[in-house]
Amino acid sequence: MFEFKLPDVGEGLTEAEILRWQVAPGDTVQVNQPLLEIETAKSAVELPSPVAGTVSVLHVDPGQTVSVGSVIISIEDGNEPSGATGERASSAVGAGESEEVPEEKPSVLVGPGPTAAVPRTRRLARRSHSAPAQAAVTHESDETIAGPRLGAARAKAPVRLLAKQLGVDLTSVVASNGEVISRRDVEAAAGRARPTQTTSRLAAESGDRETRTPIKGVRKATAAAMTRSAFTAPHVTLFLTVDVTRTMDLLARLKADRDWTGVRLTPLVLVARALLMTIRRYPGINARWDEAAQEIVEPHYVNLGLAAATPRGLIVPNIKDAHDLSLRGLADAMSELVATARAGKTSPEEMARGTVTITNIGALGVDAGTPILNPGEAAILAFGNVRDTPWIVDGEVRVRKITQLALSFDHRLVDGELGSNVLATLGRLLGDPGEAFVLA
């Protein structure tokens, strides 16, 4: 029997929440087959099976938070169960006797492991040789082992989680095949009872005046990081209104060009390109403050972060060495980054070592804001909504594509002159991109 313990998936994390199981007791699994999805303080990740075999027991339910090193699933892999040796040892001792032995401390695959506990002992019962050997049984409810019993019908763990998310009472669902409740059965039941799918609506119908949601995972880590950033780095924000008509025209021409077919070009890609070009001229905006060493560190690279709002909270994955990418390469990298973030598959590594960040508040229909720095970075750029706006051009009022740029920076690193130069240069590039914008 192989007992799979929760590993540290990166950066010394000590706990994770079980989001959903992708297997159930009785399922056959192969090496590297995804077993479950967990959420850490950084992101949601899938854990693959390190062995092949048959799932025996799921030790934790979706929604539970467990420590690194805790057993989360047992898989029958054909090897002798870990308790067999102890069984034989106890049977060799005379009947009616007992022995206290230290309980084995859970081993840790990676990272610091669970919080240290007071050592405990467990009592090993000794049997008479004449007594028949009896295998130890872990008492679990029928729901834990194979899903809730509904007559002859059962529901596997992923289906139970789906039912919980959709607000469907499994006791009212009839399995279409008479044996196992499927995802389709749950979705069909949800379609017949739409009002029960919204938590807030359920709360309102029950008379509750408020809904409480535990602060954990990505949202908890984000809140701590934003608080630390806001009260550590002295923030200054500068604003600039820019006529980006020519940039939007350039975007339209590139989209119509057959050479750019299949490339996902957006206004944000061109803004990112302009920011990277600006950093070449003013590398100080890409620096960081090292409090421990009392040094200003200026990287010779740009790991461009993109703030992404996900159902689990705000995350800021970054494109490593974005300064080396062409416009096409940047567009592809941004498209992949966004898709990964929306799918909840961003890894801790993809969020580490960012140097500067862009937040696209315009995608939400917002004109401007004062963004908070991603901890450890000197600047963050907010790109506002692009609107048709009356604008004076050559003494005449015309309708132009106008946007707002807001640059927040750490005033310990960036003074008013540098911040103003960066924002003004960025505005000039977006106001008149030219050929250099594409080729540089």
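## Close-up views of a predicted model

The chain exposes about 23,900 Å², and carbon and sulfur atoms supply 52% of that area (Shrake-Rupley method with a 1.4 Å probe; for residues, only the protein chains shown count as cover). This is a predicted model, where local features need pLDDT of at least 70 and side-chain atom pairs count only at pLDDT 80 or more, while totals for chains, interfaces and linings use all residues. Residues are numbered from 1 along each chain as its sequence is written, and side-chain values use heavy atoms, with hydrogens and water left out.

View 1. Helices (H or I, at least four residues) and strands (E, at least two) are DSSP runs, numbered from the N terminus. Of the 440 residues, 40% count as buried (under 20% relative accessible area; exposed is over 50%, partly exposed in between, with a 1.4 Å probe and protein chains only). Take the contacts (heavy atoms within 4.5 Å) with a separation of 6 or more: residues 24 or more positions apart account for 63% of them.

View 2. The average pLDDT (the predictor's confidence in each residue, from 0 to 100) is 78 for the chain, and 74% of the residues score at least 70. Over residues 82-152 the pLDDT is below 50, and this stretch has 86 contacts in the model beyond near neighbours in sequence. Residues 193-200 also have a pLDDT below 50, with eleven contacts beyond near neighbours in sequence.

**View 3. Glutamate 37 and arginine 20 form a salt bridge.** That term covers a side-chain nitrogen of Lys or Arg within 4 Å of a carboxyl oxygen of Asp or Glu, and the structure holds eleven of them. In this pair the closest N and O atoms are 3.1 Å apart. Glutamate 37 sits in strand β4 (residues 34-39) and arginine 20 in strand β2 (residues 15-21), so the pair links parts of the chain 17 residues apart. Glutamate 37 counts as buried, at 5% relative accessibility, whereas arginine 20 is partly exposed at 29%.

**View 4. Arginine 400 meets aspartate 243 in another close-up.** Their side chains form a salt bridge at 2.9 Å, N to O.

**View 5. Arginine 398 pairs with glutamate 396 in a salt bridge.** Their closest N and O atoms are 3.7 Å apart. Arginine 398 is partly exposed at 35% relative accessibility, and glutamate 396 is partly exposed too, at 46%. Elsewhere, salt bridges that share partners join Arg20, Glu37, Glu46 and Lys345 into one network.

**View 6. Leu304 and Leu430 touch the most other members of the largest nonpolar core, which has 50 residues.** Such a core is a set of buried Ala, Val, Leu, Ile, Met, Phe, Trp, Tyr and Cys residues joined through side-chain atoms within 4.5 Å. Elements giving two or more residues to it include α7 (245-256), β16 (304-306), α9 (327-342) and α10 (416-431). The biggest giver is α8, with ten residues. Not counting residues up to four places away in sequence, leucine 304 touches residues including Ala272, Leu275, Pro317, Leu330 and Ile358. Another core lies apart from this one, with 20 residues, among them Leu6, Trp21, Ile38 and Val60.
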